[in-house]
Amino acid sequence: MTDSEHSASLDADLNRQALDFHALPRPGKIGTEVTKPAVTQHDLSLAYTPGVAEPVRQIHADPDLAYRYTNKGNLVAVITDGTAVLGLGNVGSLAGKPVMEGKAVLFKRFADIDCFDIEVNAESPQAFIDTVARIAPTFGGINLEDIAAPHCFEIEHALRERLDIPVFHDDQHGTAIIIAAGLLNALELQGKTLAEAQIVVLGAGAAGIAGVRLLVALGAQPERIFCIDRQGVIHSARTDLNPYKRSVAVETEQRTLADAMRDADVLIGVSGPDLVTPEMLATMAPRPIVFALSNPVPEIRPAVALAVRDDLIMATGRSDYPNQINNVLGFPFIFRGALDVRAACINEAMQIAAVEALRTLAREPVPPEVLAAYGLTDLRFGPDYIIPKPFDPRLRERVPAAVAQAARDSGVARLPATH
Ligand SMILES: NC(=O)C1=CN([C@@H]2O[C@H](COP(=O)(O)OP(=O)(O)OC[C@H]3O[C@@H](n4cnc5c(N)ncnc54)[C@H](OP(=O)(O)O)[C@@H]3O)[C@@H](O)[C@H]2O)C=CC1
Ligand SMILES: CC(=O)C(=O)O
Ligand SMILES: [Mg+2]
């Protein structure tokens, strides 16, 4: 059996297991739980009529009391229109539901945040915005998921303006935060700096554009960042650019991905499967960094990349390789911090605080339960460990505390921190 036949058969086996996992013993991945007694006549008199009328009256008089008498303050909506589900494209809102249920599982498992997944059929960005705005009173926060660029930018902006709860497009900011944390660590290990690095960002959508913005805020030089879309390098002479792509355009003679890869220090892939060739990788600068983050199939597979370059630091978005650069490390903990102080938004200061907390944690000794979860005997800061693992219990303390502190320092917290 060749290497590629072997990996195809492993993929087929995993896919079969994944279908059973989702179907059995009951369909789907998440349900609801009742948090108050519901056993006696008296319980019903409190939980339902007549008792339930009193919190209604209280909230009617003072809407803030919804945080006291309902689950609003610990409830997040994961909402999609299904237009960019993972790297699978516009599969529609219903087909996106397994991913949204998955995000809900991660919110609950990692940060004890309750979550409804909501799949919206919307005929236009405005219809989607109106739908989300209309259901927003239910929630303490809105996690937008898998909405394609450029509509995602307009949608997030409009909802932030309209709502007084955090609205966070995970594929933009969640991804950007983890990329930044992993990249700062990887650059240090490779003896490079963000300010000097030549960076190629393959994919100029939600994750790509937000990634560039955050890296620039952290010190990357805009003229050293080459973004690529289906038409090639995003350069300033192009006439087909929307305002978001225009904001990352550079003056350059480079036109193709292969041109941009030559002598690049960093490749960040947030585009689609198998778009990067071994030949391209061979032309990168010494000690390169490749984040092939497309899900489920990366822009280049680790085995292929590492066969070409033994001086490489490699990461993917997947759970089954070392260095998982995935927004699972972000959204549960960032929302936890934001909800804990009832932040009005998740601003850039809070995002940078999350970057710092994540990158610092990767330098500390790894607890035994993390080693056990990954079947490892040893794991330490280095080329195969640039970012904490999602099962690291310290994430639940460190990231929310840093985010909550940044919310307070930047004046968007409406409660004192509990951390
Ligand atoms: N690891 C992680 O945590 C995350 C990974 N991702 C992955 O990133 C990818 C993009 O997601 P997202 O930003 O939300 O999606 P968007 O639809 O917003 O953006 C996709 C971008 O990729 C570009 N692209 C797609 N195919 C090609 C191609 N063949 N050649 C060049 N460019 C291409 C598109 O180009 P054009 O503009 O020309 O259409 C577009 O700019 C997905 O695979 C997703 O799984 C996303 C979020 C988190
Ligand atoms: C991880 C994720 O959010 C994505 O691939 O879209
Ligand atoms: Mg996503």
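**Exercise 1.** Which residue stands opposite Gly-269 in strand 9?

*Solution.* The model is predicted. In strand 9, Ala-292 stands opposite Gly-269. Now widen the view. Strand 8 and strand 9 (residues 289-292) run parallel and share four bridges. Strand 5 (residues 199-202) also pairs with strand 8 in parallel, over four bridges. There, Ile-199 has Val-266 as its bridge partner.

**Exercise 2.** Are the residues on the two faces of strand 8 buried or exposed?

*Solution.* Take one side: Val-266 and Ile-268 are buried. Take the other: Leu-267 and Gly-269 are buried too. Both faces of strand 8 (residues 266-269) are therefore covered.

**Exercise 3.** How many aromatic pairs are there? Describe the one formed by Phe-110 and Phe-391.

*Solution.* The count is eight aromatic pairs. Phe-110 and Phe-391 have centres 5.6 Å apart and planes at 65°. Over 60 degrees counts as edge-to-face, and this pair is edge-to-face. Phe-110 is in helix 5 (residues 97-111), and Phe-391 is in the loop between helix 16 and helix 17, so the pair links parts 281 residues apart in sequence. Finally, check accessibility. Phe-110 is at 9%, so Phe-110 counts as buried. Phe-391 is at 38%, so Phe-391 is partly exposed.

Note on methods:
Residues numbered from 1 in each chain as written. Chains lettered and ligands numbered in written order. Predicted model: local features only at pLDDT ≥ 70, side-chain atom pairs only at ≥ 80, totals over all residues. Heavy atoms only, no water. Buried < 20%, exposed > 50% of the residue type's maximum accessible area, 1.4 Å probe, protein only. Pairing = 2+ DSSP bridges. Phe/Tyr/Trp six-rings, centres within 6.5 Å; stacked < 30°, edge-to-face > 60°.
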